[in-house]
Amino acid sequence: MTGLPNRRRFGECFVEASQCGLALNMAVMLLRVDRIRRVVESQGYDASDNLLYALTQRLTVVLEHSREAVGEVQLFRLEGATFGILLTNLQSTQQLGLLAGKLQMSMREPLLANDQELFFTLSVG
């Protein structure tokens, strides 16, 4: 549905990066879209799937624009509305905070489901 690699691939990439000596410059971020279950309950699974696809596109754009600052970055869909980001070749841990802020700010624009504008927040850890 989103075209993103899944939880299994996330684990494989994490192990590969840590075995290749990238662990010192590596970070993991977990993202959770808050309140998306309400959309499933009120709008149905098709609307939820469309929202997840649109959200994936939005996160991908933010990550692409941040690549120069944070190094190699990969986005994964772990389950439901939970995403993982694997960063390798990270130059500064300060960049993680900036990236988290950019990801959260990207949610200020609404997403559409069944011709309704819906606003979501993003929990980042």
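The following questions and answers concern a predicted model of a single chain.

Visitor: How are residues numbered, and which pLDDT values do local features and side-chain atom pairs need?
Guide: Residues are numbered from 1 along each chain as its sequence is written, and side-chain values use heavy atoms, with hydrogens and water left out. In this predicted model, totals for chains, interfaces and linings use all residues, whereas side-chain atom pairs count only at pLDDT 80 or more and local features need pLDDT of at least 70.

Visitor: What pattern does the chain follow along the sequence?
Guide: Helices (H or I, at least four residues) and strands (E, at least two) are taken as DSSP runs and numbered from the N terminus. On that basis the chain has four helices and six strands. Read along the sequence, their pattern is α-β-α-α-β-β-α-β-β-β.

Visitor: What is the radius of gyration of the chain?
Guide: The radius is taken over C-alpha atoms, and the globule rule is 2.2 Å times the number of residues to the power 0.38. For 125 residues a compact globule would have a value near 14 Å, and the chain agrees with this at 15 Å.

Visitor: Which parts does the aromatic pair tie together?
Guide: Rings of Phe, Tyr and Trp (its six-membered ring) pair if their centres lie within 6.5 Å, with planes under 30 degrees apart counted as stacked, over 60 as edge-to-face and the rest as tilted. The structure holds one such pair, formed edge-to-face by F10 and F76 at 5.1 Å centre to centre and 80° between the planes. Because the two residues are 66 residues apart in sequence, the pair ties together helix α1 (residues 7–19) and strand β2 (residues 72–79).

Visitor: Is T56 buried or exposed, and what is its relative accessible area?
Guide: Buried means under 20% relative accessible area, exposed over 50%, and partly exposed in between (1.4 Å probe, protein chains only). T56 is found in helix α3 (residues 45–70) and, leaving aside neighbours within four places in sequence, is in contact (heavy atoms within 4.5 Å) with T2, L4, L75 and F83. T56 is buried, with a relative accessible area of 2%.

Visitor: Which residues does Q116 touch, not counting residues up to four places away in sequence?
Guide: Q116 lies in strand β5 (residues 116–118) and is partly exposed, with a relative accessible area of 37%. Q116 and Q43 are 73 residues apart in sequence, and their C-alpha atoms are 9.9 Å apart in space. Not counting residues up to four places away in sequence, Q116 touches Q43 and L111.
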